[in-house]
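Please examine the model shown here before reading on.

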Amino acid sequence: MSLWADKYRPRTLSELTFHPRISKQLQVMASSGEFPHLLVYGPPGAGKKTRVLATLREIYGAGTERLRVDVKTFNLPSGRKLEFNVISSSFHLEITPSDMGNNDRIVIQDLLKEIGQTESLDFSRFENAVMSPNTREENSGKKKFKVVIINEAELLTRDAQAALRRTMEKYSASIRLILICNSTSNIIDPIKSRTLPIRIASPTTSACAGVLEMILKKEPHAKKAFPDDNEQRNIIFNRITHASERNLRMSIMMMEAMYMNHDTVSITTPIIKPDWADVLHELATGICKDRSVSRLQQARSILYELLAHAIPAKLLLKKLTMTIWDFTGTLDIENKSEVRKAVISASSIYDERLSLGSKDIFHLEGFITKVMVILEKHVIN
Amino acid sequence: MEIPITSVVSTGGAEGSISMSMSISPSFVTDCCCPPLVYASGLILNMALCLFASRPPRSRKSARVFWQGGRSKGGYLAIFYILTLKNKDKKTAHDASSSLRKPESQETFQHFKSKQSADSNVIVVDSEEDEKVTPHRKRKAELTESDNEEPVKKEAKVLPKKSPTKTKSAKPQAGRSSQPSQTGAGQTAQEILETIPDADPKYLEVDPEMENMNFFQLKARTSEAPAPTGDRMLPEGRPNCLNGLTIVFTGILPTIDRDECVRIASKYGAKVTKSISGKTSLVVIGHEAGPKKIKMIKEKKIKCIDEEGFIQLLQKMPADGGSGEAARIAIAKKEEEERKAIEEAEKEEEENRKRQTQLREERASQSSQVERPSDKPDTEKLWTVKYAPTDIKQICGNKGNVELLQSWLEHWFDNAKTGFKGPGIHGYRAVMISGPPGIGKTTAAHVVAKSLGFDVIEKNASDVRSKKLLNEQLRSSLSNSSVVGYFNQLKTHDPNNRRIVMIMDEVDGMSSGDHGGGAQLSQFCRTTETPLILICNDKSLPKMRTFDKTCYDLTWRRPTGKEMKSRLMTIAHREGLKLDPNIIDQLVAATNNDIRQIINIMSTVARTQKTLNYENSEQISKTWQKEVILKPFDIVGKLLSGASYGSHARYNLSEKINLYFNDMDFTPLMIHENYRSTTPSKLSGCPPNKRNLRHLELLEEASNFISESDLVNQLIRGGEQQWSLAPFHAILSSVLPGSKVAGGMNGRTMFTSWLGQNSKKMKYDRILQDLQYHSSTKTMTNNQELRLTYIPFLIKMLSDPLIKNGTSGIDQVLELMDEYYLTKEDWDNLMEFGVGPKGRMDQKLKSVSSATKSAFTRKYNSYSHPTVIYKTGDSVTKGNRAPAFKPDLDDVIEDDTKDVPEDEPQEEQDDIKNDKLIKKVKQSTKRRK
């Protein structure tokens with residue numbers, strides 16, 4: 001029994017429910033045989049990977065779903081050996097070079113060259129000839145290349161991206177790249193210009209609700225736990241979507257968790273958020289309410305805990321900013337818009353520093369202290 | 001009583017110059033300095049002055065005293081009869097000797113003369129000739145006299161009126177304000193003190209708030225208080241004017257830095273202590289004085305003066321601390337020390353000479369021409385070698401340990417017979433001496449061995465000491481006896497002579513090159529047939545732990561200044577270096593009680609200078625002090641202390657930057673850890689309702705700098721390697737934040753938590769990566785999304801059934817785990833990912849009974865699980881989620897399109913494994929359902 005998010009993941013382009021235009025485009029591309037390099041970007045939980053995999057299936061057929069994980073070994077110039085995991089089917093490879101940190105360039109150079117220099121043998125022509133001699137030969141054309149999916153492309157170092165740009169042209173006969181990332185801001189222009197950018201936006205609230213509804217339909221047990229009334233169900237769906245910030249994956253998870261924890265779900269049932277989100281929310285409201293030095297000390301230990309448990313610092317900063325933004329609405333403040341402006345400006349400064357620096361805690365603490373000062377100055381007691 | 005006079009008068013050279021030289025024999029000094037002998041001895045100093053010289057005399061070399069007067073007239077002979085009647089004043093005698101010793105003593109002589117007259121106990125009988133000193137000479141004499149400090153003259157005038165008995169009756173506790181004065185003249189320290197007004201009583205009021213404070217709070221409070229303005233110079237006092245006084249400084253003086261005061265006071269011969277006792281002569285008090293000290297002052301009624309008073313004291317006190325008994329005792333003590341040192345020096349020289357002659361004789365008899373390094377003349381040796389202790393008595397400090405070591409070595413072979421059953425040290429075959437460098441560990445071991453007539457085999461870090469070599473070399477020597485000693489024994493019949501003691505020096509220096517040496521050595525410690533002395537610096541190192549059980553531990557402490565004093569004086573005397581005893585403590589502090597370094601400093605100084613006194617010692621100790629690297633805690637303490645900033649900062653900017661460079665890795669981290677735990681001095685004067693905001697603002701500025709410093713740090717340590725930015729980083733990361741928040745620390749300085757948190761983060765990143773590798777074929781997501789969305793829910797799904805349903809929930813959990821290719825290890829790791837009070841799993845999992853847990857583990861181990869990746873090698877299996885609705889044709893294609901030839905054999909394997917796994921899962925599923 002997998003989680004619903006995986007169980008009901010669409011496998012083909014036709015199964016996809018939202019962004020029909022993009023699905024259509026992909027379908028056309030897949031069937032035409034003229035497949036460009038892709039740069040797929042969008043927020044998490046919008047269905048980037050799902051769409052990409054569905055496209056691959058459209059090109060190669062179900063063989064793309066036979067996945068295996070290989071460990072590749074790379075030799076660094078320093079003599080160290082690096083092990084690197086590659087998920088692959090016979091038609092494509094999926095790599096996450098950012099796993100290797102600063103050594104991602106070597107992965108890009110070695111691995112892509114290796115794949116690019118080996119032409120895939122195509123027996124389909126003979127098969128087709130044997131099986132159905134009358135079939136046109138155009139089908140074979142699309143299997144001449146292998147697809148390489150590069151995850152977390154925005155985390156690629158400059159060096160790795162530079163290594164990528166020439167490879168993309170040189171081996172374009174044998175490989176196609178699909179870069180997947182959350183934002184293109186970190187991707188260098190030469191790569192952007194060599195790829196077809198496809199933005200996958202978060203599903204709308206109604207699209208989200210549609211997916212959730214569809215899942216419930218397929219889970220008759222769960223459907224019983226939810227209210228029969230369409231209106232009420234929609235309210236619950238909306239609440240879930242709002243809490244997950246239209247992250248579809250998160251929405252499905254939340255719904256499943258609600259169902260697991262409560263025998264009957266009503267519109268008042270509390271939404272189960274991930275633990276880190278709760279901790280973060282508490283931290284942010286604490287900062288707004290109690291602006292003192294001792295609170296700062298507490299904040300440090302909470303931040304350390306979150307950071308150590310692999311919650312990305314940038315996400316922390318973003319969520320903190322949003323929560324504080326919301327909270328300023330409830331506070332009695334002299335000049336609300338000024339305060340909000342100041343908070344956002346501080347947030348963007350420290351966001352940049354998070355990118356440039358290496359010690360996340362320094363910057364997060366700097367932001368929190370700054371926010372405290374801003375609020376303390378303006379709040380009327 | 002014989003009057004020792006050694007005077008040589010040589011007159012008339014070929015050139016017609018008359019020169020006279022005079023010296024006082026050492027025996028004279030010795031005699032004079034012995035109180036009983038000196039008592040009635042009359043001393044006649046026969047001095048001849050050569051006042052006639054048309055050209056520089058040639059006999060300069062032999063002359064210890066040489067006065068050269070005017071050129072015009074004939075020579076006069078000046079003879080001074082200086083009689084020390086009834087008095088014990090050795091100082092006089094000594095001064096005479098020491099000043100006469102110097103070639104350029106015209107001034108000194110004059111000084112000496114005035115000193116004589118200043119002291120009531122000395123009668124100066126000038127010979128008639130003295131009156132006839134040439135005008136030139138006279139003028140000069142007058143000049144010097146007028147140069148002399150005023151009070152000397154005054155006292156000289158006062159002197160005749162004063163009867164010696166009165167001086168005698170001065171109480172030993174000079175300086176105690178409660179003691180009524182008996183002499184009205186005002187030249188004892190005590191009388192001068194009387195004239196100085198008491199400190200403002202407000203200093204003695206204890207702030208009731210302070211009484212209940214602990215040490216850290218008090219410290220915080222004092223560092224909060226305004227630092228001394230430092231715009232006032234202390235006046236120059238007369239040499240040694242605070243002799244015999246014991247002074248305590250407490251609180252913060254309004255204008256002068258306390259450390260400066262302490263330095264000045266000890267420069268003038270005062271004993272500066274930290275706590276008040278019965279012996280304390282006076283207290284110099286400032287504001288924020290400790291409540292304990294104030295209580296003591298009141299209890300003991302000790303004279304208490306303020307800064308103003310201290311300055312007055314410096315101005316008023318006569319040279320050498322006046323004529324009070326305490327001063328005299330102090331002088332006597334000092335002289336005693338000097339005398340001893342000189343005595344010691346003479347003795348050593350004597351011995352040395354004897355040894356040299358003996359050696360020469362031996363060599364002559366052996367007629368061998370080979371020169372040994374030990375025969376090198378002393379001048380070529382390092383001082384530390386030249387003056388290395390040759391006798392147990394010469395070792396400074398650690399007397400108890402040395403004796404213990406000696407008795408252990410002495411009885412070693414007796415103990416060996418009884419199988420080392422003795423108590424304490426006698427129960428061990430080996431001894432481990434540990435302690436910081438430069439305090440005489442090796443020396444002590446050698447000297448002890450030598451004193452007992454043992455032969456020494458020494459191995460130090462310069463020898464390879466691997467297990468193999470130790471086995472080969474040591475084992476054989478450990479059960480041997482000395483050949484040299486054997487032949488010596490024939491002569492001396494001392495059984496010890498044939499014995500060997502093995503000294504393993506620098507044991508903690510046994511590095512990776514000495515593979516297995518440490519363990520082997522500790523083995524030897526158990527079984528050795530020869531006494532084994534091991535020496536190391538740091539016993540607490542993990543690699544030294546093997547010796548804990550096998551060796552008796554002797555910890556060497558740093559010798560105190562007191563313990564080193566006489567030894568250093570001896571050396572200084574032998575080298576003709578004039579060492580002011582007052583500065584030894586300063587040198588000791590500068591070098592961190594490293595006697596070897598002090599001797600090195602002395603030898604360096606001796607190359608260029610003849611004296612080591614307060615003025616140049618300060619400079620010397622400053623240059624040497626820099627060598628001591630501060631610990632991160634001290635650095636942060638200094639950078640975050642209020643006194644380090646502001647207009648009267650203790651350190652200037654470059655000194656603060658240097659503080660950072662003491663440990664440039666840790667300082668920024670430690671500053672970050674502690675910058676919020678101060679009470680900034682900038683808050684003082686802030687109205688209470690604004691205080692919080694002001695504090696937050698200061699912290700905001702500081703945190704902003706710290707955050708910016710990280711960017712600079714990235715430029716330095718990142719790809720750009722711009723190390724020239726390091727000083728800038730120092731400013732941004734440490735000095736600027738410090739300047740904002742500097743003040744009293746609340747609580748202790750904490751060690752940085754960033755390191756621990758960072759390694760924790762690395763650990764969880766690694767775990768997350770593993771989880772992602774395992775589950776990626778199923779979740780189709782990256783690390784971050786796995787962490788943010790999957791993990792919180794997976795934790796719930798994988799733990800709730802066990803918590804709620806116990807054993808019956810196991811199947812559900814295992815099914816989900818297999819679905820995501822998670823192992824039991826992954827399960828354990830997952831559970832650690834919970835954050836926050838609600839998310840943390842350790843408490844929740846406690847409610848799972850141990851029966852359920854073990855059942856879970858058993859069940860997990862009972863069958864094999866689908867694996868997407870084997871961590872160990874490159875053998876990899878496919879996932880088992882091949883959908884059934886695809887025609888077989890695709891399979892064929894897939895296999896055939898595997899075009900990489902090297903994949904071929906793997907492919908076969910894969911198939912086998914794959915089948916197996918699919919089968920198994922299916923089986924287990926069946927079983928479960």
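This is a predicted model: local features need pLDDT of at least 70, side-chain atom pairs count only at pLDDT 80 or more; totals for chains, interfaces and linings use all residues.

Colleague: How many helices and strands does the secondary structure of chain A come to?

Modeller: Chain A has 381 residues, of which buried residues make up 42%. Among contacts in chain A with a separation of 6 or more, 72% join residues 24 or more positions apart. The secondary structure of this chain comes to 17 helices and seven strands.

Colleague: Is A:C208 buried or exposed?

Modeller: A:C208 belongs to helix α9 (residues 205-218) of chain A. The threshold for a buried residue is 20 or more other C-beta atoms within 10 Å. Because A:C208 has 25 C-beta neighbours inside 10 Å, the residue counts as buried.

Colleague: Are α11(A) and α12(A) parallel, antiparallel, perpendicular or oblique to each other?

Modeller: Helix α11 (residues 230-243) of chain A packs against helix α12 (residues 248-261) of chain A at an angle of about 125°, and their axes are 9 Å apart. Angles of 65 to 115 degrees count as roughly perpendicular and those over 145 as roughly antiparallel. The two helices, α11(A) and α12(A), are therefore oblique.

Colleague: Which residues make the contact of α11(A) with α12(A), and how many of them are charged?

Modeller: The crossing of these helices, α11(A) and α12(A), is right-handed. From α11(A) come A:I240, A:T241 and A:A243, and from α12(A) come A:S251, A:M254 and A:M255.

Colleague: What is the handedness of the crossing of α24(B) and α25(B)?

Modeller: Helix α24 (residues 584-591) and helix α25 (residues 595-608) of chain B pack at an angle of about 115°, with axes 9 Å apart. B:L587, B:V588 and B:T591 of α24(B) meet B:Q597, B:I598 and B:I601 of α25(B). These residues divide into four nonpolar, two polar and no charged. The crossing of α24(B) and α25(B) is right-handed.

Colleague: Which helix supplies the largest share of the side of chain A that touches chain B?

Modeller: In the contact between the chains, 71 residues of chain A meet 70 residues of chain B. The residues on the chain A side comprise 33 nonpolar, 18 polar and 20 charged. The largest share of that side, eleven residues, comes from helix α17 (residues 360-378) of chain A.

Colleague: Which residue of chain A does B:M797 touch?

Modeller: B:M797 lies in helix α33 (residues 783-805) of chain B. This methionine, B:M797, is buried because 20 other C-beta atoms lie within 10 Å. Leaving out residues up to four places away in sequence, B:M797 touches B:L816 and, in chain A, A:M260.

Key:
Residues are numbered from 1 along each chain as its sequence is written. Chains are lettered from A and ligands numbered from 1 in the order in which they are written. Helices (H or I, at least four residues) and strands (E, at least two) are DSSP runs, numbered from the N terminus. A residue is buried if 20 or more other C-beta atoms lie within 10 Å of its own, exposed if 12 or fewer, and partly exposed in between; C-beta atoms are placed from the backbone. Two residues are in contact if their C-beta atoms, placed from the backbone, lie within 7 Å. Ala, Val, Leu, Ile, Met, Phe, Trp, Tyr, Cys and Pro count as nonpolar, Asp, Glu, Lys and Arg as charged, and the others, Gly among them, as polar. Axes are lines fitted to C-alpha atoms, for helices over the stretch in contact, and angles run from 0 to 180 degrees between N-to-C directions. Angles under 35 degrees count as roughly parallel, over 145 as roughly antiparallel, 65 to 115 as roughly perpendicular and the rest as oblique. A crossing is left-handed if the near helix is turned anticlockwise from the far one by less than a right angle, and right-handed if clockwise.
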